[in-house]
Amino acid sequence: MQWLWENRDLVFGLSLEHVRLSAIPIIVGLIASIPLGWLANRFRVTRAIQLTLFGILFTIPSLAFFITLPSVLGTKILNPVNVVVALAIYAIAIMVRGAADAFASVPRDVIQSATAVGFSSVSRFWKVELPLAGPVLLANLRVVSVTTVSLLSVGALVGNGALGYLFINGYQRDFPTEVMIGIVFTLIIAVLFDQILVAIGRVLMPWAHGVRGSSRALTVGGAA
Amino acid sequence: MIEFRGVSKQFDDGTLAVDDFSLVIPSHKTVVLVGSSGCGKTTLLRMINRMVDPTSGSILIDDEDIAGLEPVKLRRRIGYVMQNSGLLPHRKVIDNVATVPLLEGVPKRDAYARAMELLDTVGLDRSLANRYPSQLSGGQQQRVGVARGLAVDPNILLMDEPFGAVDPIVRADLQQELIRLQQELGKTIVFVTHDIDEAFLLGDEVVILQVGAQIAQQGTPSEILANPTNEFVANFIGVGRGKRRLSVDGSVESNGNDLVLVDSAGHAAGVVDAPGGVIANGDSSPKSRSISNKTDQAGDA
Ligand SMILES: Nc1ncnc2c1ncn2[C@@H]1O[C@H](COP(=O)(O)OP(=O)(O)OP(=O)(O)O)[C@@H](O)[C@H]1O
Ligand SMILES: [Mg+2]
């Protein structure tokens, strides 16, 4: 506790850095995955290609990624862009599959009847498919959020891990308190992000509250 | 008037769903397409609003070939009601009903006001306007579906087994409601079902279909009942099984001007007006319907 108080500026600064560096990949992952996931759901061929490609990307060890990216991107090894890009790629890799599942969860009945009453394909995407994919998109985004916040610490090994710095520094100095503080603050940020996402979901999707079960049933009915 | 001219539809996988189908559907009438599962009813219906385009042949609405019309525009002036209502689960009832007017750019206030009136029209309480579809019963959802279909006051209403998923009592209720609505509105309704009782109840004209949308027989319910063209039709409408062959039950003493009718198995099927013990020569169609159709009686009850 005393250590925390003495180093409050450092911990606070690192926490802010952690929020910033992990928020970017999460947002990028969400935005990029929507068109990719929609395509994957719509066309069987692109689905196979995309899911394989992103599946492979995801198996690349994060450290290897952090180290090789600078030569690919032409950035300095200590540049935080490396870590952000690597995490964004992971986020997309997870989210694409999730987004494909999300669009697949939209009942076919509803899409057909939207078409039948006269939605154009563009308005149907924005007003029907995307909102109805929302609950599953959100569920996947929560996974991505937690993953990103914790993976970011690994970036400390290449000099850019925000709170991960406390792990390395604490380990090198054989000072467990510092490691603990790092873990606790990482956890707090992860929980904070998750709660924010849940709250956004509540506001944007009031209809989904307690309706999940019946919309599932509808999907099954539509397929039968 | 909707006209099918030698229409065929073969799907990409080779299924010939509709094989050289021709039919004229007169305006302001209810025409029911009836047939067993997979005979091509839905495909026929969806060709009218260009959800499905024919492989060959043409479809005309009021003598205009719809192949030349923009599908989205065409669909917005045709009402469509389907099984499981197809309502948008993320929109409140009022927004569902107002969907198409809002797409068309009608101001929100006007669209909502009209949607409220439509709730009255289909017999729904206005207090349901702010619910989500999942908070309604199946029958209420179907009513909302009908209200949505009527929202742009279309000339044509396409209905694909709209009452197929609700229980028999609610179904009977909805059927009566549709008959009442149609008397008021006089739309051109193309109604798809596999329930022959429903077809006879609702149809001014009934088209009985076989696989590949082959017309087995077409005519008014009375014409078909009086003269089934072949054994398939006779079986399909139940004459072959004796379900519809009614006779006066002589064993019950009639206390008024009604006689009890029984089917060929001896089950009571209805009553017939018989002032002084003589069966009246029915000239009003509702009466003759209540003789020939059990569903109707359930609805009156
Ligand atoms: N998109 C499609 N691709 C391939 N085949 C199809 C497609 N839609 C329908 N079919 C086939 O065309 C035939 C007619 O289908 P349709 O849906 O019109 O039947 P239906 O009379 O409406 O049946 P039901 O009473 O079960 O709804 C069926 O054999 C069906 O499998
Ligand atoms: Mg069908």
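Residues are numbered from 1 along each chain as its sequence is written, while chains are lettered from A and ligands numbered from 1 in the order in which they are written. Because this is a predicted model, local features need pLDDT of at least 70 and side-chain atom pairs count only at pLDDT 80 or more, whereas totals for chains, interfaces and linings use all residues, and side-chain values use heavy atoms, with hydrogens and water left out.

User: How many helices and strands does chain A have?
Analyst: Helices (H or I, at least four residues) and strands (E, at least two) are DSSP runs, numbered from the N terminus. Read along its sequence, chain A follows the pattern α-α-α-α-α-α-α-α-α-α. The count for chain A is therefore 10 helices and zero strands.

User: What percentage of the residues in chain A is buried?
Analyst: The C-alpha atoms of chain A fill a box of roughly 65 × 40 × 25 Å along the principal axes. A residue is called buried under 20% relative accessible area, exposed over 50% and partly exposed in between, with a 1.4 Å probe and protein chains only. Of the 224 residues in chain A, the buried share is 46%.

User: Are H8(A) and H9(A) roughly parallel or roughly antiparallel?
Analyst: The axes of helix H8 (residues 164-172) of chain A and helix H9 (residues 176-204) of chain A come within 7 Å and cross at roughly 165 degrees, where axes are lines fitted to C-alpha atoms, for helices over the stretch in contact, and angles run from 0 to 180 degrees between N-to-C directions. Angles under 35 degrees count as roughly parallel, over 145 as roughly antiparallel, 65 to 115 as roughly perpendicular and the rest as oblique. H8(A) and H9(A) are therefore roughly antiparallel.

User: How do the residues of the contact of H8(A) with H9(A) divide by class, and which residues meet there?
Analyst: With contact taken as heavy atoms within 4.5 Å, Tyr165(A), Leu166(A), Phe167(A), Asn169(A), Gly170(A) and Tyr171(A) of H8(A) meet Glu178(A), Val179(A), Ile181(A), Gly182(A), Ile183(A) and Thr186(A) of H9(A). Ala, Val, Leu, Ile, Met, Phe, Trp, Tyr, Cys and Pro count as nonpolar, Asp, Glu, Lys and Arg as charged, and the others, Gly among them, as polar. The division in this contact of H8(A) with H9(A) is seven nonpolar, four polar and one charged.

User: Which residues of H7(A) does H6(A) meet?
Analyst: Helix H6 (residues 108-117) of chain A and H7(A) pack at about 165 degrees with their axes 11 Å apart, and the two are therefore roughly antiparallel. From H6(A), the residues in contact are Val110(A), Ile111(A), Ala114(A) and Thr115(A), and from H7(A) they are Arg124(A), Val128(A), Glu129(A) and Leu132(A).

User: Are the rings of Trp38(A) and Phe125(A) stacked or edge-to-face?
Analyst: Rings of Phe, Tyr and Trp (its six-membered ring) pair if their centres lie within 6.5 Å, and planes under 30 degrees apart count as stacked, over 60 as edge-to-face and the rest as tilted. By this rule there are seven aromatic pairs over all chains. The centres of Trp38(A) and Phe125(A) are 6.1 Å apart and their planes stand at 90 degrees, so the pair is edge-to-face.

User: Which residues does Asn140(A) touch?
Analyst: Asn140(A) lies in helix H7 of chain A and is buried, with a relative accessible area of 18%. Not counting residues up to four places away in sequence, Asn140(A) touches Met95(A) and Gly98(A).

User: Which residues of H1(B) are buried?
Analyst: Seven of the eight residues of helix H1 (residues 41-48) of chain B are buried, so this helix is largely enclosed by the rest of the structure. The buried residues are Lys41(B), Thr43(B), Leu44(B), Leu45(B), Arg46(B), Met47(B) and Ile48(B).

User: Is His28(B) buried or exposed?
Analyst: His28(B) lies in the loop between strand S2 (16-25) and strand S3 (30-35) of chain B, and its phi is near 60 degrees, a positive value in a residue other than glycine. At 57% relative accessibility, His28(B) counts as exposed.
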